Amino acid sequence: MGMAAADGQFHVLAVDDSLIDRKLIERLLKTSSFQVTTVDSGSKALEFLGWHGSERNMFNETSISPKIHQEVEVNLVITDYCMPGMTGYDLLKKIKESAFLRDIPVVIMSSENVPSRITRCLEEGAEEFFLKPMKLSDVNKLRPHMMRTKFKNENEKPEKEEIITIGEADSDMEKIQRAQSLQQHNNNNDNDDDNNNNTKRKSMDEGLSPDRTRPRYSDLTVMSN
Amino acid sequence: MEIGGEYLEILGSSILMTDYLEYSNALFREGLLDGQFIQLQMLRDDSNPDFVVEVVTLFFEDSQRILNELSKTLDEQNVDFKKIDANVHQLKGSSSSIGAQRVRNACIAFRSFCDAQDVESYGFCFFVLFPDQMCLRCLQQVKQEYLLVKNKLEALLRLEQQIVAAGGVVPTLNDVS
């Protein structure tokens, strides 16, 4: 059930309030053999990524997250800068502040060449900044960012993991977590649907689990969604 | 021997293709279209043969809507310059995305003339006293450029249709941008 990029295809989430630009970016990405989802606002993007406003909520309840968000892996977010409501910069910030979204590479597009804007985005963690309109040659630059993250993920995850650990490689925390997740996996009979989902990352922060239905340490039984 | 039919067909589509090249070259020379339009054409393929037509059609619809909005806004008692700016920004973006260079430039000029907050940076009293007037002038300019490129694009796409109907292949333009 997990739409992991096991078939080798990267999935890009494109965010732009302009219909024409969405059409354009979709075609550009599809021509380059990426899977594409387009949305017209930052809030819809966050929704799609499975971000639910407050990560604190995860402890309080077994929230019913729509299945689709748990099944779709997003390898890159490309967003327009100027959008009504939530700008591309706001979206970038929210993603980078989120424990389980922060490792998704984010790329910003803008029709205006404003150096301070570019710097701000890069400082906030954007991988690249493109001037619109995007060209095919720009889209070719996206793949390395996706491969880098995916490669890092694949190196770190145990075979049939249910919890993915992303982050700085080889820190002690990482090793502990990896060992724990392996142990948890061995104790679980069920094969969970949500493995391979890069958008649901095990946080390095204390106690925060991206998956609301599975408490991290105490309970080794997998709860169904 | 029946050579007439095929020969004429090849001749016919060749003529059309030559027309097409001349026509499109002129558009680029006059600055009506820029390299972005060629980028669009590069995205058209067998699985998406109507891509350019679709995007251009979207552009026409969107632009018409924005131009109507702008007229309406400028007609009001208290002109909402922020709304004007937002709309012109949108049109600038979409025209840039399809390669309608002169429309885009007209939008850029529009924004710099009609940004009421920046008016003091221009030493021109005329602008300060009559921002509405300036905006109207700018709107006229944008409309003009838009209608011009609309006519030309429609003609260009019609030529493409004719080429395909005559059994020819639409020539790929070189990106000179």
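Q: Which helix gives the most to the lining of the largest pocket?
A: That is helix 4 of chain B (residues 81-98), which supplies eleven residues to the lining of the largest pocket; helices are DSSP runs of H or I with at least four residues, strands are runs of E with at least two, and both are numbered from the N terminus. This is a predicted model, in which local features need pLDDT of at least 70 and side-chain atom pairs count only at pLDDT 80 or more, while totals for chains, interfaces and linings use all residues. Residues are numbered from 1 along each chain as its sequence is written, chains are lettered from A and ligands numbered from 1 in the order in which they are written, and side-chain values use heavy atoms, with hydrogens and water left out.

Q: How many residues line the largest pocket, and which lie nearest its centre?
A: The lining has 27 residues, and those nearest the centre are A:Asp17 and A:Cys82 from chain A with B:Ala86, B:His89 and B:Gln90 from chain B. A pocket here is an open set of points on a 1 Å grid over the protein atoms alone, where a 1.4 Å probe fits, with protein on both sides within 12 Å along at least five of seven lines, and lining residues have an atom within 4 Å of a point.

Q: What is the volume of the largest pocket, and how do its lining residues divide?
A: The volume is about 410 Å³, taken as the space filled by probe spheres set on the points, which are joined across faces, edges and corners. Twelve of the lining residues are charged, ten polar and five nonpolar, where Ala, Val, Leu, Ile, Met, Phe, Trp, Tyr, Cys and Pro count as nonpolar, Asp, Glu, Lys and Arg as charged, and the others, Gly among them, as polar.

Q: And what about the second largest pocket, where does the largest share of its lining come from?
A: Helix 7 of chain B (residues 131-165) gives that share, with four residues, and the pocket holds about 350 Å³ of space. Its lining includes B:Arg44, B:Asp50, B:Leu157 and B:Val170, and by class there are six nonpolar, three polar and three charged residues.

Q: Switching to the interface, how much area is buried between chain A and chain B?
A: About 1,600 Å² is buried, with 64% given by carbon and sulfur atoms; buried area is the accessible area (1.4 Å probe) that two parts lose on being put together, summed over both. On the side of chain A, the residues that lose the most area to chain B are A:Ile20, A:Lys23 and A:Arg27, together 41% of what that side buries.

Q: How many salt bridges are there between the chains?
A: There are four between chain A and chain B, a salt bridge being a side-chain nitrogen of Lys or Arg within 4 Å of a carboxyl oxygen of Asp or Glu. One pairs B:Arg111 with A:Glu112 at 2.9 Å, N to O.

Q: Which residue does A:Lys132 meet in a salt bridge?
A: Its partner is A:Asp21, at 2.8 Å, N to O. The two lie 111 residues apart, with A:Asp21 in helix 1 of chain A and A:Lys132 in the loop between strand 5 (128-131) and helix 7 (136-139) of that chain.

Q: Is the peptide bond between A:Lys132 and A:Pro133 cis or trans?
A: The bond is cis, with omega about -5°, and A:Pro133 also sits in the loop between strand 5 and helix 7 of chain A.
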